[in-house]
Amino acid sequence: MLRSFASLGRQIRPANSLASFARAARNYSSPADSKVTFELDSSTFVGHLMEELPSTKIELEPKAAIDIYREMQGVRRLEMAADAAYKSKLIRGFCHLCTGQEAIPVGICSALSESDTVITSYRCHGFTYTMGLPPVKTLSELMGRKGGCSKGKGGSMHMYAKNFYGGNGIVGAQVPLGAGLALAHKYLDEKAVNVCLYGDGAANQGQVFESFNMAKLWDLPVIFVCENNKYGMGTSASRAAANTAYYTRGDSIPGILVNGMDVLAVREAIKFSREWAISGKGPLVLEMSTYRYGGHSMSDPGTTYRTREEVQHMRSTSDPITGFKSRLIEGGVATEEELKAIDKEIKKIIDAANAEAKASPEPDTASLFEDVYQSYNGVPNLRGRVVSETHYF
Ligand SMILES: Cc1ncc(C[n+]2csc(CCOP(=O)(O)OP(=O)(O)O)c2C)c(N)n1
Ligand SMILES: [Mg+2]
């Protein structure tokens, strides 16, 4: 887990623009304390109702930097395995990949501490990885196997780990739940935050604004994060929202626009926001500008509502892994060969998890009736679709 590391970084590009962002950061090796300093452009973050913005000079221990790289490769490899398993029909049903968006789960979790909680939408595989779920449990769940984190009965959209509350299939439904988790943190005086993610498509829903209102009214320790990947299914953000500056949509809640393709920017934004929320200042709304390379889900080729050139442009100019890799090499943190060795090592780990998942048996039919209630609590039967399907305990 990266959540105990204590460094940061960032960078920004114009709100809601698909234009490539030139890296503003310069890396320096500092032999004195063996930390790498990232000096970032002063326009790295854009604030809404913010009097202060995070510092632009950051330091990162080489080991922490390498671990961030390793995590991003892990998420990408995991999604590559899911993609292949889906295409060979080992995975059925819905499956939403986060390829291209890796900097968000990795950057967020690298800035959190053990007691913090996270909740997100159905595009959740990356978070299972960064919240510490072994990849075999994610892949087994995707394949509907007994060894999965939901015993093979949840699938792609219903994954959980310690302090990770899913994996939620109903658009926007996790936003009030995130505010509720923050209320629990405050009520129990835990000095913890909830990071509550939702998409640009979800950002226009009424329940999101109701959650904002209560979170601000009670100054709950919640960091709302809008993952603006520019589309909700096949609808572009500008066709769906009158105001696409999602970081300003919290009304009286301050917000920050963050380059979500830059893992250090994400990490810094969360570190800053965490301190903000825990100190009692209440919620923040972060907009993380990002991009998904694949379609909305496996059944969407993702090329009817956007051009192949647009996708290719984002891949070649803004890829979070390639960008961070260059920083590590330029900053003298690692050589190309060392990073290649890490790539190989990660591939081996995911391949092994994949093989183990494939070997895991399917759940027994009887287990379909288990785990519906936390434990048997006097409920005599479970209704099926028709009377003959009713299950009596
Ligand atoms: C309440 C509800 N309405 C519609 C859907 C169908 N649906 C699934 S994902 C989606 C688009 C959401 O887009 P966004 O919030 O931008 O998230 P992204 O998929 O881009 O991560 C829709 C309309 C749903 N799951 N739940
Ligand atoms: Mg979206």
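These exercises work through the predicted model shown above, each with a solution in steps.

The model is predicted, so local features need pLDDT of at least 70 and side-chain atom pairs count only at pLDDT 80 or more, while totals for chains, interfaces and linings use all residues. Residues are numbered from 1 along each chain as its sequence is written, and chains are lettered from A and ligands numbered from 1 in the order in which they are written.

**Exercise 1. The whole chain**

Task: Find how many helices and strands the chain has, and state what its radius of gyration agrees with.

Solution: 
- Start with the secondary structure. The chain has 11 helices and 13 strands. Helices (H or I, at least four residues) and strands (E, at least two) are DSSP runs, numbered from the N terminus.
- Take the radius of gyration next. It is computed over C-alpha atoms, and the globule rule is 2.2 Å times the number of residues to the power 0.38. For 393 residues, a compact globule would have a value near 21 Å; the chain has 21 Å, which agrees.
- Along the principal axes, the C-alpha atoms fill roughly 70 × 50 × 45 Å.
- Check burial. Of the 393 residues, 49% count as buried. A residue is buried if 20 or more other C-beta atoms lie within 10 Å of its own, exposed if 12 or fewer, and partly exposed in between, with C-beta atoms placed from the backbone.
- Finish with contacts. Two residues are in contact if their C-beta atoms, placed from the backbone, lie within 7 Å. Among contacts between residues at least 6 apart in sequence, 74% join residues at least 24 apart.

**Exercise 2. Helix α5**

Solution: 
- List the buried residues of α5: Gln-174, Val-175, Gly-178, Ala-179, Leu-181, Ala-182, His-185 and Lys-186.
- Name the partners. The buried residues of α5 pack against β5 (117-119), β6 (194-199), α6 and β7.

**Exercise 3. Helix α11**

Task: Identify the buried residues of α11 and some of what covers them.

Solution: 
- Check the length. Helix α11 (residues 336-359) has 24 residues and reaches 35 Å from its first C-alpha to its last, close to the expected 34 Å.
- List the buried residues: Leu-339, Ile-346, Ile-350, Ala-353, Asn-354 and Ala-357.
- Find the cover. It includes α1 (62-87), α4 (135-142) and α10 (320-330).

**Exercise 4. The shell of ligand 1**

Task: Say which residues come nearest to ligand 1, and sort the shell by type.

Solution: 
- Set the cut-off. A residue is near a molecule or strand if its C-beta atom, placed from the backbone, lies within 6 Å of it.
- Of the 15 residues around ligand 1, Val-171, Gly-199, Gly-201, Ala-202 and Gly-232 come nearest.
- Sort the shell. It divides into five nonpolar, seven polar and three charged residues. Ala, Val, Leu, Ile, Met, Phe, Trp, Tyr, Cys and Pro count as nonpolar, Asp, Glu, Lys and Arg as charged, and the others, Gly among them, as polar.

**Exercise 5. Positive phi**

Task: Locate Asp-219 and Lys-230, and give the phi of each.

Solution: 
- Recall the background. Most residues other than glycine have a negative phi.
- Asp-219 has a positive phi of about 45°. It lies in the loop between α6 (206-217) and β7 (222-228). Asp-219 counts as partly exposed because it has 14 C-beta neighbours inside 10 Å.
- Lys-230 has a positive phi of about 80°. It sits in the loop between β7 and β8 (231-232). With 19 C-beta neighbours inside 10 Å, Lys-230 also counts as partly exposed.

**Exercise 6. Ile-253**

Task: Is Ile-253 buried or exposed, and which residues does it touch?

Solution: 
- Locate it. Ile-253 is in the loop between α7 (237-240) and β10 (255-259).
- Count neighbours. Ile-253 has 20 other C-beta atoms within 10 Å, so it is buried.
- List contacts. Not counting residues up to four places away in sequence, Ile-253 touches Phe-212, Lys-216, Pro-283, Leu-284 and Val-285.
- Look further off. Ile-253 and Glu-336 are 83 residues apart in sequence and 43 Å apart in space, C-alpha to C-alpha.

Key:
The expected span of a helix is 1.5 Å times one less than its number of residues.
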